Amino acid sequence: MKTYTPRPRDIDRRWYLIDASGAVLGRLASEVAAILRGKHKPIFAPHMDTGDHVVVVNASGVRLTGGKEEKKLARRHSGYPGGLTETTYARLLATRPAFAVEKAVRGMLPKNSLGRAMLGKLKVYAGPEHPHRAQSPQPLSLGEVPKWSGLPKPQPVAPIGPQPKAPAGRPAAKPAPAAPAAKRTAAKRTGAKTTAKATAAKRTTAKAATTKRTTGTAPSRAKSTAKKSPAKKAPVRRKKEE
């Protein structure tokens, strides 16, 4: 069984609306971060952004427990010596409640470009109004896991091996077409065999022709030699003078 890896075409991004009035900041941030990452989906992958869009309204109604309004501090540093700024959460929630929620969610996302892309899908508003009516966000309460049924449909796989015969009275199923690569390989093998046979036949013909030429030229050479060689004349003997 192969390990499934989500692809961009398999990701279906939806919109959810969460009302933060009376919610605890930490609990709200953890659930929003899980939806932004896509941990409620069966195709979740830690190296990909498979999450959905989240719209948080009534951020001004967020609360803290255990007296953290005065104990917990939001710090920021300008980068210069003595540039540290501290603000209590009581003051931060009174002046910038949307920033407080975004800061809590940012701390629960990956600290890299992937986390920044996930944070871009979060929209926080201090009041009950939001400009995302066109996306039709689904209302979601805290503690509720959104239902998601967007698994990609499995593609049909061609059967391997002999197929069962169809019953009488029904047309038999057409066999699966052979792969084009197999046809090309078979054609190449057949062509190679034909070429080898033709080459062997040419060699045999050439040998036979050479043998005929050799056997036919031997007597002709002997005859020509016999004709060209002149007959030796008998030596003439002169009589001795008396």
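Predicted model: local features only at pLDDT ≥ 70, side-chain atom pairs only at ≥ 80, totals over all residues.
A residue counts as buried here when its relative accessible area is under 20%. S2 spans residues 53-57, and five of its five residues are buried, leaving the strand mostly covered.

Let's step back to the whole sheet. Four strands form an open sheet in the order S5-S2-S1-S6, and their pairing is parallel. The edges belong to S5 (122-124) and S6 (138-139); each has a single partner strand, so one side of each is left without a neighbour in the sheet.

## The neighbours of S2

On one flank, S2 and S5 are joined in the parallel sense by three bridges. Val56 has Val124 of S5 as its bridge partner, while Val55 stands opposite Lys123 in S5.

On the other flank, five bridges link S1 and S2, again in the parallel sense. Here Asp19 is partnered with Val57 of S2. To get from S1 to S2 the chain passes through helix H1, making a right-handed β-α-β crossover.

## Helix H1 on the sheet

What does helix H1 touch as it packs on the sheet? H1, residues 25-37, is in contact with S1 (15-19), S2 and S5. The direction of H1 makes about 155 degrees with that of S2.

Conventions: Residues numbered from 1 in each chain as written. Heavy atoms only, no water. Pairing = 2+ DSSP bridges. Helix = DSSP H or I, 4+ residues; strand = E, 2+ residues; numbered from the N terminus. Contact = heavy atoms within 4.5 Å. Axes fitted to C-alpha atoms, helices over the stretch in contact; angles between N-to-C directions. Buried < 20%, exposed > 50% of the residue type's maximum accessible area, 1.4 Å probe, protein only. Right-handed = clockwise from strand over helix to strand, strands pointing away.
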